[in-house]
Amino acid sequence: MTAKVVLAIAIASLSASALAQTPPSPAEAMAAAMREQAKAPVAVKSLRGGAYEVTGGTSNTGFIVGDTGVIAIDPQMLAPVAQREQAAIAQITPKPVNVMILTHADPDHVNGLPGWPSGMRIIAHENAAAEIRSYMGDPNVFASPPPPEIKDYLPTETIRFSKDEVLDGVRVRLIHLGPAHTDGDVVVYLPDQKIVYAGDLVVTEGDNYPSVHVMPSGPHKGMGEALNKHGSSLGWIKTVKAILALDADIYVGGHGPVLTKAELQARLDAAVARRAQIKAMFDQGMTLDQVKAGLHEPAVTPGRFPSFTETTYQELTYE
Ligand SMILES: [Zn+2]
C-alpha cells in the first residue's frame with residue numbers, strides 16, 4: 001500500500017468517525033486495538049528442548065514438538081494470524097498440530113481456533129470451556145464474539161484440578177489452583193524443559209501489576225459480563241507463588257517477552273506490596289478515587305483493562 005493510499009484511508013476513517021459523533025465504547029476501542037495489533041508479523045523463538053514461543057499477533061502462542069505432532073498453547077484471536085503462525089511452525093517441523101491447550105477463555109486467546117486444523121484434541125479448564133460456550137452468539141463479548149465456526153472447535157477435554165499428562169510423548173503438568181487471572185486458568189509446565197507457559201497470569205507489556213478479570217466498573221463498565229471471570233488477586237498471588245516453586249527458569253506469558261524466575265519473583269513481590277497498600281487504604285474507608293490518588297495513579301485508568309488497583313478494590317468490596 002502506498003503512503004498516499006494509507007493517508008486517504010486515514011482521512012476517510014477520520015471523517016467517518018467525526019460524522020458518527022459517537023465515541024467507541026471501551027469494548028469497541030479494545031477490539032479495534034487488537035485488530036491493529038494482529039497485523040504484527042509473527043516470529044518463532046526457540047526456548048529449549050523442542051519447546052518454542054511464537055510472538056506477534058494479539059497474544060503469544062507456545063508450542064512443543066511431540067513424537068507425532070505439535071502441541072500448541074493458545075490459538076490467537078484471528079484465524080489469519082493463526083494461519084501465519086502455522087506457516088512459521090512449519091518452518092521448524094513438518095509435524096501437524098494435533099493438540100491445542102487453552103490457557104483461559106479470553107477472546108484474544110481463543111477466537112483464532114477455527115484457523116487451526118479441524119479434529120485437534122483441545123484441552124481447557126472446565127470453567128473456560130463453559131465461558132467459551134456462553135460467548136457463542138453473544139455480540140457483546142469485548143465486541144469480539146467468537147466466530148460461528150468455533151462450534152467445531154470446542155474443548156474436547158476439560159480439567160478441573162491440576163493434572164499430570166504425557167501428551168504425544170511430552171511430559172506436561174496442567175496446573176489450576178483456583179481463580180487467578182480468571183476462574184478457568186490452565187498453566188502448562190514442562191518439567192523436562194523447565195518451562196512454564198502461564199497464559200495471562202504473566203503479562204509483560206503495559207502495566208507491571210497482575211491482570212485480574214472481575215466484574216468491570218467505572219470507565220471499563222462497557223466490557224460488561226464478558227470480563228466477569230471471577231478472577232482473584234489473592235488467587236493470582238497463590239498461583240504465581242506455586243509456579244515460582246517449580247523447577248523452571250523460563251516463564252512464558254500471554255503477552256510480551258518471557259521472564260526469568262527472578263523477574264517473575266520481582267513481579268510477585270511488587271503485587272503483594274501493592275495489594276497490601278490498597279487493602280490498608282480500603283480498610284481506612286477510602287474511596288477508590290482516594291486510593292488511586294494515594295498511589296499516584298491517574299484518575300482515569302489508561303489502557304484496555306481496569307488497573308490492579310481497581311480490580312483489587314472491587315474484590316475487597318465483596319468481602
Ligand atoms: Zn486474558
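Trainee: Which residues of helix H9 (residues 308-318) are called buried, and what makes a residue buried?

Mentor: In H9 they are Phe308, Thr309, Glu310, Thr311, Thr312, Tyr313 and Glu315. A residue is buried if 20 or more other C-beta atoms, placed from the backbone, lie within 10 Å of its own, exposed if 12 or fewer do, and partly exposed in between. The cover over the buried residues of H9 includes H6, H7 and helix H8 (288-294). Helices here are DSSP runs of H or I with at least four residues, strands are runs of E with at least two, and both are numbered from the N terminus.

Please keep in mind that this is a predicted model, in which local features need pLDDT of at least 70 and side-chain atom pairs count only at pLDDT 80 or more, whereas totals for chains, interfaces and linings use all residues. Residues are numbered from 1 along each chain as its sequence is written.

Trainee: Why does valine 252 count as buried?

Mentor: Valine 252 has 28 C-beta neighbours inside 10 Å, and therefore counts as buried. This valine sits in strand E12 (residues 250-252), and, leaving aside neighbours within four places in sequence, is in contact (C-beta atoms within 7 Å) with Glu53, Asn60, Gly62, Ile195, Val196, Tyr197, Ala198 and Val258.

Trainee: Which residues meet between H6 and H7, and how do they divide?

Mentor: From H6, Ser233, Trp236, Ile237, Val240, Lys241 and Leu244 meet Lys261, Leu264, Gln265, Leu268, Ala271, Val272 and Arg275 of H7. The residues of this contact comprise 8 nonpolar, 2 polar and 3 charged, where Ala, Val, Leu, Ile, Met, Phe, Trp, Tyr, Cys and Pro count as nonpolar, Asp, Glu, Lys and Arg as charged, and the others, Gly among them, as polar.

Trainee: What makes a set of residues a nonpolar core, and which residues have the most contacts inside the largest one?

Mentor: Such a core consists of buried Ala, Val, Leu, Ile, Met, Phe, Trp, Tyr and Cys residues joined through C-beta atoms within 7 Å. The largest has 65 residues, with the most contacts inside it made by Phe63, Ile101, Leu102, Val187, Val188, Val196 and Ala198. A second, separate core of 5 residues includes Ile278, Met281, Leu288 and Val291.

How values were computed:
Contact = placed C-beta atoms within 7 Å.
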